[in-house]
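Here is a short briefing for a reader who is meeting this structure for the first time. Look through the sequence and the model, then read the points by topic.

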Amino acid sequence: MEYVRVADKSELPTNKMIIVVVGGKEVLLANVEGSYYAIANTCTHAGGSLAKGSIDGSIVTCPRHGARFNLMTGKAVREAKIGFIKIKVKDEASYTVKVEGTDILVEYPKKKMMVRSAYIDQIDLCTRIVFKLYVRVGINTAQNRSPSHPAQ
Ligand code: FES
């Protein structure tokens, strides 16, 4: 597992949150009663910045529509609410955090996931090409069998 240093312990007092950047993505780093946790900063509902929300124990509340996430796990613990409509939200990605001396380090996102996604995209593209060829061959074959093109 690869880690990147994101902050010094002195930058993050107890029950506070800051945004750090890991692998080009905004990550919410929180100090919950002296332990550090990291989840994605962008709300899974509509992209609100969780760092602008409020922290209560191990729970962060999104400032936009009130969805709540567990900072220790990234799990959504309350849906978003617009007016009287409640909307389910997905869990946030969570990152492993470790402390070395006064340095706070966050796990670098795994490249495996990105490679897998690119691989799936390639398979999808190949499937579409094969399907188009199959349809085209089928149409040509049907035209060759039609009465206007009698077989010899
Ligand atoms: S953007 Fe976070 S609850 Fe809607």
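β2 and β3 pair in the antiparallel sense, over six bridges. Strands, like helices, are DSSP runs numbered from the N terminus; a strand (E) has at least two residues and a helix (H or I) at least four. Two strands count as paired if DSSP finds at least two bridges between them. This is a predicted model: local features need pLDDT of at least 70, side-chain atom pairs count only at pLDDT 80 or more, and totals for chains, interfaces and linings use all residues. Residues are numbered from 1 along each chain as its sequence is written.

**The β2–β3 hairpin**

- β2 and β3 form a hairpin with two residues between them.
- Gly-23 sits in the turn and has a positive phi of about 60°.
- Val-20 has Val-27, in β3, as its bridge partner.

**The four-stranded sheet**

- An open sheet of four strands runs in the order β2-β3-β4-β11, with antiparallel pairing.
- β2 and β11 (94–95) stand at the edges with a single partner strand each, so one side of each is left without a neighbour in the sheet.
- Two bridges join β4 to β11, and these strands run antiparallel.
- Ala-38 has Tyr-95, in β11, as its bridge partner.
- Strands of a sheet pair through backbone hydrogen bonds, either parallel or antiparallel.

**The nonpolar core**

- The largest nonpolar core has 25 residues. Such a core is a set of buried Ala, Val, Leu, Ile, Met, Phe, Trp, Tyr and Cys residues joined through C-beta atoms within 7 Å.
- Leu-28, Leu-29, Ala-38 and Val-106 have the most contacts inside this core.
- The elements that give two or more residues to this core are β2 (17–22), β3 (25–32), β4 (35–40) and β13 (103–107).
- β3 supplies the largest share, four residues.
- Beyond its neighbours within four places in sequence, Ala-38 is in contact with Val-27, Leu-28, Leu-29, Ser-94, Tyr-95, Val-97 and Val-106. Contact requires C-beta atoms, placed from the backbone, within 7 Å of each other.
- In soluble globular proteins, nonpolar side chains tend to be buried together.

**Strands around β13**

- Five bridges join strand β1 (residues 3–8) to β13, and the two run antiparallel.
- Tyr-3 has Glu-107, in β13, as its bridge partner.
- Strand β12 (residues 97–100) also pairs with β13 in the antiparallel sense, over four bridges.
- Val-97 stands opposite Val-106 in β13.
- β12 and β13 form a hairpin with two residues between the strands, where Gly-101 takes a positive phi near 65°.

**Asp-103**

- Asp-103 is found in strand β13.
- Is Asp-103 buried or partly exposed? Asp-103 counts as partly exposed because it has 13 C-beta neighbours inside 10 Å. A residue is buried with 20 or more other C-beta atoms within 10 Å of its own, exposed with 12 or fewer, and partly exposed in between; C-beta atoms are placed from the backbone.
- Asp-103 touches Arg-5 and Asp-8, not counting residues up to four places away in sequence.
- Asp-103 and Val-6 are 97 residues apart in sequence, yet 7.6 Å apart in space, C-alpha to C-alpha.

**The whole protein**

- The protein has one helix and 13 strands.
- From the N terminus on, its elements run β-β-β-β-β-β-β-β-β-β-β-β-β-α.
- Of the 152 residues in the protein, 22% are buried.
- Among contacts with a separation of 6 or more, 40% join residues 24 or more positions apart.

Key:
Contact = placed C-beta atoms within 7 Å.
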